[in-house]
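Thanks for coming, everyone. Let me put the structure up, and then we can walk through it piece by piece.

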Amino acid sequence: MTKQTIWKRVVALLAAAALLGAVGCSEDGGSGDRRSNESGEEVLIKVWGLSDFLKGEESPGQQMIKEFNEKYKGKIRVEGRYMPAAEYNTAIQAAITSRDLPDIYQTPSGQDIRSFVANGLVLPFDGLVSESWKNRFLPGSFVEGVNVIDGKTYSWPLTGPQLGAILYYNKDVLKNAGLDAEKPPKTWDELREMARTVTAKGRGDVFGVVFGGAESGAVNFVTALAAGVSPADAGGFNYKTGRYSYDSKAILDALDVLLRLKQDGSILPSSYMLRGAEAGILFGQGKAAFLIDGRARMWIVKRDTPEANFGLAPVPTPNGDKPTFYYVPANPTGYMISSTTKHPKEVGIFLEHGFTATMFYERYLKSGVALTPIESINNNRSLYPYPEFDTFMQLHKELLKLRPDYAVKNPQTAKVIVELGSLDQPKIKPGFQEILQSVLSGAQKDAAPLLKAYNDKLNKGLEDAVAKVKASGVNVSLDDFAFPDWDPRKDYTHYTSRP
C-alpha cells in the first residue's frame, strides 16, 4: 500500500469520526469536548510545525512562545515542537490515525489547507479571534477558495512576500580565487566561468557550486535559472496557458546549465546527497562560492556559520537581465486549528496575542527569517538584523510580482485542488525532483522525454479532476486556471469573475 493510499484512508476515517463527533453539537458549533477549560487550571496548547523559526530555544518562534507563556502564566501554557519535513509528515499522519493531533499544526509538505478542511481535520478561526484581526495583514491575505472556504477562515499568511531564489555568493572564496568579491556573476556564462576558476584554485577542497540535492536543491537551482528565460514557465505551471510546463525550453535550458557545471567538475561532489541545511553550512564554511536557494537560507547561514562573509544578488540569467519571480499574498499552506482541540478559546487567544502579534513579527523580522505580512513592520529599518538585509529587502521589491490566482477568479477551483491533493499533484511519480536526480546521477541520459511524460500526466490529472468536479454540478472549467492577458513581468491585479 502506498503512502498516498494510507494518507487518503486515514483522513477519510478521521473525517467520518469528526462528523460523528459533531452530532449533538449546539448551533454555534460548540460541544462538550471543545469547551474551554473553566476549572481554573492552566491550559496546555500544543503547536507542531516544520518551519525553521520554531527550531531551537533562540528561534523567534520559541522566544515568542516563552514571552507569551510568561504573560499568561497560570492560564495558558504553549509548547512548540519543530520537526524536519519528513519526520513531521510521518508524525502528523500518526496523530491523525490516533486522533491525537496537536491543537495547532502546520500543513505537511506537499499538502493543502483545502484538503484538510474537506476532510474535517481543522476548525475555522471565526469567533476565536477578533473581528479586526484580519486588518493587520497585507491586502489580499485572505481569499475565498484558498485559506477561506465557504466564508470561513482557516489560516493566515505566516510571512510576507517570499523570494524563492537568491544567488548567495561567498566573498572570501571569490577573493581567494583571485576574483572580484563584489562582482557576482550576472549571466549563465559568467556563473560557469567563475565556478570553474574557483574549482581550479580550490584544488579539490573548494568548489564553484553547492546545493542540497537530497532535498529540493536541484529543483531550486533549475527553476531559479529558468525564471531568467521564461518566468511563466519556471514554476512548472504556466498561469498564462493554464497548463503544466515542466518540459518547457526554459526548464530544459536551465537543467543544461546544471549539467554543464557538473561536466566542468564545478559542483561540490557531495551536493547530490546533502540536505539544504548541510549545503548552507558548507557554503558558509567556504567550501563553495555559489549557492542558489530561497529567502530562508540567508538567516540559516547566519545562524549556523556566523563567521560567513557572503553577499546576495539576483540569480544569473542568459543575458544578464534581472529575473522575475512571483507570489500571491494568500497561501493554501500554513498553520491550522485542529478539529479535535479541547481549548479553542485559548487557541484563539494565543493566535491573536502570540503567533500573529506584533511582538512575534518584530522578532521574526529581526531574526532575518523573512519579510512579515505586516507592511509597517517590514518598512521599519531599525528592525533589520544585519547589513545584508537591506539587499534582501531590495531584491524582494525588485524581483517579485503578483501572479494570477485561480481561486480569486473562481473560488470553486478549491474543489479541484482537493481532488488533486495540491496543484503539484504529489501522487504522480516520479516527480520533478526524482527526474532531476536520475538525470544528474547519470541513471537517465535524456531529460526531455521524461519531463514530457511527467508533464502529460500532470495535465491529464488536472483535466480529469476538473471533469469530475464539473460532473458533480460545480461551475468550474480548465479556463479558470488560465490567464491569457497575464504579463509575467508585471503585477496581475485585474480579474474577470466567473458568472
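Start with helix H18, residues 432-441. Buried in H18 are Phe432, Ile435, Leu436, Ser438, Val439 and Leu440. Buried means under 20% relative accessible area, exposed means over 50%, and partly exposed is in between, with a 1.4 Å probe and protein chains only. What do the buried residues of H18 pack against? They pack against helix H7 (217-226), helix H9 (249-264) and H19. Contact here means heavy atoms within 4.5 Å. After H18 comes Gly442, with a positive phi near 90 degrees.

A word on the basis. This is a predicted model, where local features need pLDDT of at least 70 and side-chain atom pairs count only at pLDDT 80 or more, while totals for chains, interfaces and linings use all residues. Residues are numbered from 1 along each chain as its sequence is written, and side-chain values use heavy atoms, with hydrogens and water left out. Helices (H or I, at least four residues) and strands (E, at least two) are DSSP runs, numbered from the N terminus.

Now the core. The largest nonpolar core has 136 residues. Such a core is a set of buried Ala, Val, Leu, Ile, Met, Phe, Trp, Tyr and Cys residues joined through side-chain atoms within 4.5 Å. Which residues have the most contacts inside it? Trp156 and Phe355. Helix H19, residues 447-471, gives this core its largest share, eight residues. Look at Trp156. Leaving aside neighbours within four places in sequence, Trp156 touches residues including Phe125, Trp133, Tyr335, Leu351 and Phe355. Another core lies apart, with 18 residues, among them Tyr88, Ala95, Ile96 and Leu101.

Phe355 brings us to a helix pair. Helix H2 (residues 60-71) packs with helix H12 (residues 344-355) at an angle of about 115 degrees, and their axes are 10 Å apart. Axes are lines fitted to C-alpha atoms, for helices over the stretch in contact, and angles run from 0 to 180 degrees between N-to-C directions. From H2, Met64, Ile65 and Phe68 meet Ile349, Phe350, His353, Gly354 and Phe355 in H12. By class, that contact has six nonpolar, two polar and no charged residues. Ala, Val, Leu, Ile, Met, Phe, Trp, Tyr, Cys and Pro count as nonpolar, Asp, Glu, Lys and Arg as charged, and the others, Gly among them, as polar.

H12 also lies across a sheet, over S1, S2, S3 and S14, at about 60 degrees to S1. That sheet is open, with five strands in the order S2-S1-S3-S14-S4 and mixed pairing. Two strands pair if DSSP finds at least two bridges between them. At the edges are strand S2 (76-82) and strand S4 (122-123), each pairing on one side only. Inside the sheet, strand S3 (residues 104-106) and strand S14 (residues 335-338) run antiparallel, joined by three bridges. Tyr105 has Met336 in S14 as its bridge partner. Helix H3 (residues 85-97) lies across strand S1 (43-49), S2 and S3, running at about 135 degrees to S1.

Next, a second sheet. Four strands make an open sheet in the order S8-S11-S7-S12, with mixed pairing.

Look at S11. Six of its six residues are buried, so S11 is largely enclosed by the rest of the structure. On one side, strand S7 (residues 166-170) runs antiparallel to strand S11 (residues 288-293), with four bridges. Leu167 is paired with Ile292, and Ile166 stands opposite Asp293. S8 and S11, by contrast, pair in the parallel sense over two bridges. There, Phe207 has Ala288 as its bridge partner.

Helix H11 (residues 296-304) touches S7, S11 and S12, and its direction makes about 180 degrees with that of S12. Helix H15 (residues 388-399) lies across S7 and S12, at about 15 degrees to S12.

Last stop: Gly151. Gly151 sits in the loop between strand S5 (148-149) and strand S6 (152-153). Leaving aside neighbours within four places in sequence, Gly151 is in contact with Asp126 and Glu144. The C-alpha atoms of Gly151 and Asp126 are separated by 9.4 Å, with the two residues 25 apart along the chain.
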